[in-house]
Amino acid sequence: MALAVILALALAAGCRWSAADDTVLRFWAMGREAEVMAELLPDFERLHPGIHVKMQQVPWTAAHEKLLTAFAGGTTPDICQLGNTWIPEFVALKALEPLDRLVGASSGVPADDYFPGIWDTNVVDGTLYGVPWYVDTRLLFYRRDLLHRAGFSSPPTSWDEWKQMLAAVDQDGRPDRHAIFLPLNEFEPLAALALQQDDPLLRDGGRWGNFQSAGFRRALSFYVEMFQRGWAPQLASAAVANVWTAFGRGDFSFYISGPWNIGELKRRLPPDQQPTWMTAPLPGPDGPGSSIAGGASLVVFRSSRRQTAAWQLIAFLAQPSVQRRFHALTGDLPPRRAAWRDGALRDDIHARAFREQLERVKPAPKVPEWERIATEIRLVAERAVHGDLSVDRAAAELNARADRILEKRRWLLARKSE
Amino acid sequence: MRLPGAAWGFVAPALLVIAVFFLIPVLAALALSFTDFDLYALADVANLRLVGLRNYARLLEKPLFWQALGNTLYFAIVGVPLSIVVSFGAALLLHSRLVRFRSFFRTALFAPVVTTLVAVAVVWRYLFDTRYGWLNYTLGSLGIRPIDWLGDPHWAMPAIIVFAVWKSFGYNMIILLAGLQSIPDALYEAARIDGASSWRQFRDVTLPMLAPIVVMVSILTTAGYFQLFAEPYVMTQGGPLQSTVSVLYLMYEEGFKWWNLGSASAVAFVLFLLIFALTVLQLRLARWEEAA
């Protein structure tokens, strides 16, 4: 009897999911984004009764390995969240489906409504491989009151102004106090300063490092100067037990960080400290500067046999109203201007600087080797900060390391052009 | 000596299993270590190049490899003796006639060995927590300032060692306990009749009788400790400041994070040679000691 019941239940369940032409879409997402999909997907399934989405949560720390292993084993999902710096890598693997045709054929994903720098991260050699899902960039979090006390009523807009303020707020006389916090375990602050320059980070179609260019050396000198003048402490983020209370305490007046800290600071700082902090676009060498175009995109795997359904899900998640709900659930910033025009984001004074900055973001070099080069940037910059290497020596060292990493790429490109 | 046909028939299944699951993969990895198998080769095998010994040369030039080797040596040099001393101590206590509930303690001390590493690592991360951890709480009550166990480059490796020793000492303890129990009582009796103190009995009966087992235990432990991986992978991801990157962790990153299987295989073979050389050295030392 019990067996019959179980059997009947199993059959019923089976019917429910695989009835007739039900498409089961396999969707991999990471961390918090995967969690909140439970809230958004029922709406999608209601709109598309034939599609059932099977969600798989992948932890960020293991995502890269898991995806590569899945590719090697031929078990990639239909649709996946991908950090946009990983796209060139998966394009090199020929794992991703080009999306130009689909974007052209549907009205749901208007390319010109997206922030251009973010959209650009998904375009490799002229072909589109992903649709931005949410954006990430780095800019200034600063303490209004401390700046005010030092005699400045508005945040800096150029490096010169910024330096004046860094020098001024630091004169508080307390050795544990610093003007700015640049976590040494992150390459993004330096990369953002370097992307503000006219010189690209790699030259000759991503064949060689371009770190000895005047532009990169200018960015590196400024970065190193901030440490050597004592404006920034030589610390990694793990060394600051609670970066939010430290910021609230005034241990530093500036902090280069990303959008997730809007939510964290709102949550963690007591109400009386809330008016003291604000965000500002990143100052450039002369006038407002650009920053790094980060974030995650949605991609469709080439091996998938359910690409139409995958595209429908992408188009659903790209709707401004869905993106606003997504923002409310995760705090992730939407990549479309339309999503910013309404709702909580429009009135969020801390998000405003991000809105402005997003019009001025530049993609990191789109080569599969970028993540490894970025790691080297961080390691070499750390040595320059500690004074082991001069700026020129560090630039030369970085170039040598990048050139070595890019050796295979040069060989492949040379072979292709033969 | 020639094996008759029937004998070959009997060993064939075992040989086949060894060949398929050990010999062929090892030879394939060796071959891989002479190529530049990477992401591009994963996309298209035509992108594979034979590079001879370049992976090995590059590895020896790499500062991170030397740091990883240093970290691994640090872990092994401190960890192996510590682990053996702790196991030995535990085995002696369990062997002592004064201990009651012997089988309970034996099970309790052996329990860490059979627990899941990832699960207990989570518990240990709580113990090591800077602010709320029990370890810092205890140190604090002794008036010692809190230590950032897993976040400070100087303390991360000691923390990993403490965890690894706790996790593994039970295994050696059981082997040593078996060794202790196999020493004939007659020897102790004779020693007592000769008027030997318990310290003399330990030095001149227990230790020499146990020496071969201690040699074996130290070889196994050294080989195991050189393959440090899961502890830093779960607890620190190689950080802070790469202070807990072990040789095997480096291999994992090269192979599965960056998918440079060529250079990852080279790391594996360097590690193999290292462990092999150390084992030979330990055996030589033991034999030399025996002869002396």
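Which order do the strands of the open sheet of four strands in chain A have? I took this as the opening entry, noting that the model is predicted.

**Entry 1: the sheet.** I read the order as S8-S11-S7-S12 in chain A, and the pairing is mixed. I then looked at the edges, where strand S8 (178–181) and strand S12 (277–280) of chain A stand. Each has a single partner strand, so one side of each is left without a neighbour in the sheet. Neighbouring strands of this sheet are turned against each other by 20 degrees on average, with direction ignored.

**Entry 2: one strand pair.** I followed S8(A) to its pairing with strand S11 (residues 252–257) of chain A, which is parallel and runs over three bridges. Opposite Phe181(A) I found Tyr255(A), a residue in S11(A).

**Entry 3: the domains.** I noted that chain A is divided into domain 1 (22–136 + 293–348) and domain 2 (139–292 + 366–417). Their C-alpha centres lie 28 Å apart. I looked up the contact between them: 10 residues of domain 1 of chain A meet 11 residues of domain 2 of chain A. On the domain 1 side, helix H4 (residues 87–92) of chain A provides the largest share, three residues. By class, that side has five nonpolar, three polar and two charged residues.

**Entry 4: the chains.** I turned to the contact between chain A and chain B, which takes 17 residues from chain A and 15 residues from chain B. On the chain A side, helix H3 (60–73), H4 and helix H20 (407–417) give two or more residues. The largest share, five residues, comes from H3(A). I recorded the classes on this side of chain A as 10 nonpolar, two polar and five charged.

Note on methods
Residues are numbered from 1 along each chain as its sequence is written. Chains are lettered from A and ligands numbered from 1 in the order in which they are written. This is a predicted model: local features need pLDDT of at least 70, side-chain atom pairs count only at pLDDT 80 or more; totals for chains, interfaces and linings use all residues. Domain bounds come from an automatic or database domain assignment. Two residues are in contact if their C-beta atoms, placed from the backbone, lie within 7 Å. Ala, Val, Leu, Ile, Met, Phe, Trp, Tyr, Cys and Pro count as nonpolar, Asp, Glu, Lys and Arg as charged, and the others, Gly among them, as polar. Two strands pair if DSSP finds at least two bridges between them. Axes are lines fitted to C-alpha atoms, for helices over the stretch in contact, and angles run from 0 to 180 degrees between N-to-C directions.
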